[in-house]
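Try each task before reading its solution.

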Amino acid sequence: MLYMILALVLPLVGGLLAFASGNKKAPIVALAGMVPGFIVSVMLLNAAFNQRIIARWEWLPGYELGWQIDHISAILICLVYFISLLVHLFSATYLKGDLGIGRFYAKLGFFTTSMLGLLAADHLLLLFVFWELVGFSSFLLIGFWFKDQKKAKAAREAFMINRVADAGLLIGVILMVIQFDQPFISELGGVEHSFLLSLAGFGLLIGALGKSAQFPFFGWLPKAMAGPTPVSALIHAATMVAAGVYLLIRVQPVLTPVVLTTTAVIGALTAFMAAVAAITQFDIKKVLAFSTISQLGYMVMGIGVGAAEASFFHLWTHAFFKAGLFLGAGAVIHYLHQVNHEDHSFDAQDMRLMGGLKKHLPITFIAFLLCGLSLSGLPLFSGFLSKEGILTGTWLWAAERSTEYGWWVYAVSDLGFITALLTPVYVGRQVWMVFFGQARTKMTPVDQSEPLFNFKIPLILLSLGAIWVFHAVNPLDAHGWYFGKRLFGELETIQSSIPTYTLIFSIALAIAGLAISIISFGPKNKRTQEANLLNAPKSVVGKVSFNSWYMEQFYDGLSSGYLKIAGFIQVIDKRVIDRLVDGVGVVTVVSSKVLAIIDREIIDGLVNLVAWISSAVGGILTGLQSGKVQNQLVWLLIFLITIVIWFQF
């Protein structure tokens with residue numbers, strides 16, 4: 001229990017102390033929270049492998065909340081600490097001299113603690129709280145340079161897109177907790193399939209799609225590139241975007257077949273669309289952003305087809321090679337900023353201004369190449385192992401369901417294999433444009449362009465994680481992961497065996513993709529040289545790719561359409577509703593005044609007349625009453641005479 005508490009709070013404590021210590025001491029002080037935290041996470045991993053850790057407490061009378069550290073959460077907590085620690089190291093040099101570096105480390109600690117809390121939460125409501133904290137802290141990091149209006153706007157858009165998807169997650173959580181009495185993640189299961197369960201499953205799925213930037217929500221992740229590059233490495237590797245995949249793995253026992261099928265289709269579609277979009281981008285970070293979306297699509301697709309174990313393995317391997325790629329991109333951007341610091345209009349992220357960087361950044365080049373080959377899915381690299389398990393599971397899933405659902409289910413596996421072909425194409429293009437060929441801008445040797453402690457060590461460690469031997473013994477066995485049996489036991493799912501034909505086909509696609517990248521985008525290729533001069537592709541397919549399937553324009557169209565509808569409703573409200581209300585108000589005031597006059601002059605007049613008559617009669621009668629007996633007898637005699645005359649005539 002002590003290990004769990006320390007693991008959760010140390011990053012936040014370190015970040016706050018770093019903020020309080022000032023900009024010069026902030027990097028060192030922040031590490032004072034991360035290094036002990038990483039050691040504690042390793043101890044927590046060892047403890048969780050021996051026995052699952054569960055802690056619950058009464059939040060309200062009769063209502064409990066709780067934490068849980070099992071094999072899955074413990075290994076991800078350790079992974080988040082490892083990546084975050086390297087990002088802390090890298091940031092010390094990358095943001096050196098920035099006046100907000102203390103604030104940066106405070107936000108980084110807040111983000112890390114939020115993600116750790118999400119992983120440790122056992123109750124769905126507690127998970128939702130940390131889910132929102134992850135979104136809020138990522139908004140703070142993406143908008144770190146908030147004085148730049150474009151970056152501030154990008155942070156707001158990323159935040160709001162996530163909030164839309166989170167509404168679906170909230171619906172799913174409420175249904176699971178209230179309708180099905182399934183509040184604890186560790187106890188999910190045993191629920192009879194029904195329409196409401198499917199509705200809850202779709203709610204959970206929408207939340208996961210938003211956080212993991214899947215179709216139709218993937219537009220926010222490229223916008224997240226507005227933040228510092230180390231932030232991009234942390235968000236894209238094993239933290240924020242991985243939260244959606246982690247959630248789907250956790251709630252898989254209560255997902256109905258229709259939800260799982262939808263999950264597989266959306267994952268495959270996203271993987272393909274993002275891979276196509278990555279091919280024509282010129283921003284070095286945007287290429288990697290769409291690559292992340294594509295790889296997350298693989299993971300989501302794997303969960304949908306029942307290959308959750310392979311998806312989790314890919315989540316693990318992806319954290320290493322994607323963090324390595326982003327930090328490598330950060331090293332490139334940092335170097336170009338140093339060389340061209342006098343030119344404030346210089347875009348250090350534009351690959352058209354790069355080239356020949358392997359000579360100036362040799363360690364960065366080697367690390368970027370190893371991580372890129374792992375992303376491409378080539379044998380002897382970790383990305384091949386984990387990707388192969390997903391592709392095989394998808395193929396076997398399609399073969400099993402084709403007789404019942406028809407040929408269309410093969411479209412899911414086909415999109416997965418097409419993505420496997422496209423991935424090395426855009427990876428190769430990026431490597432050629434950045435590191436090979438002639439320099440297309442000013443390139444000069446710079447002292448400390450690759451500092452040993454802050455740049456080289458993180459890049460070396462992450463690139464080692466891209467090699468298969470650090471994850472499995474057999475470079476061709478997608479189920480030989482060292483942690484596999486400890487996490488999932490002996491596999492009994494449909495992807496438990498790897499057919500030789502899918503293995504060979506996958507390898508052939510990866511090699512073919514690299515060959516295409518050399519032929520189409522190699523340094524000596526004339527098409528590449530011409531493309532470097534273009535602001536955007538001219539072909540229809542190129543425009544679709546460069547504009548990311550026009551998803552951003554679609555969002556803008558929705559936004560502008562909403563604003564137009566809101567403006568139209570405002571006009572109706574102002575010119576019709578308000579005038580109608582004003583007219584009703586005027587009629588009411590006039591009517592009330594008329595009624596007041598009628599009430600005062602007629603109703604009150606009649607009442608006053610009756611009162612006057614009564615008063616007059618009373619006065620007359622009062623005058624008749626003198627109190628003398630003689631007068632009374634006279635009036636009595638007159639009254640009797642009158643009665644006699646009345647009856648007589």
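**Exercise 1. Describe how strands β1 and β2 pair.**

Solution. Strand β1 (residues 53–60) runs antiparallel to β2, and seven bridges join them. Two strands count as paired if DSSP finds at least two bridges between them. The strands, like the helices, are DSSP runs numbered from the N terminus (helices: H or I, at least four residues; strands: E, at least two). Next, find partners. Ile54 faces Gln68 in β2. Trp57 has Leu65 in β2 as its bridge partner. Then look at the turn. Two residues lie between β1 and β2, which form a hairpin. In that turn, Gly62 has a positive phi of about 80°.

The model is predicted: local features need pLDDT of at least 70, side-chain atom pairs count only at pLDDT 80 or more, and totals for chains, interfaces and linings use all residues. Residues are numbered from 1 along each chain as its sequence is written, and side-chain values use heavy atoms, with hydrogens and water left out.

**Exercise 2. Decide whether β2 and α3 are covered or open.**

Solution. Start with the cut-offs: buried is under 20% relative accessible area, exposed is over 50%, and partly exposed is in between (1.4 Å probe, protein chains only). Strand β2 (residues 63–69) has five of its seven residues buried, so it is mostly covered. In α3, 23 of the 24 residues are buried, so the rest of the structure largely encloses this helix.

**Exercise 3. Check the span of helix α3.**

Solution. The expected span is 1.5 Å times one less than the number of residues. For the 24 residues of α3 (residues 71–94), that gives 34 Å. The end C-alpha atoms are 34 Å apart, which agrees.
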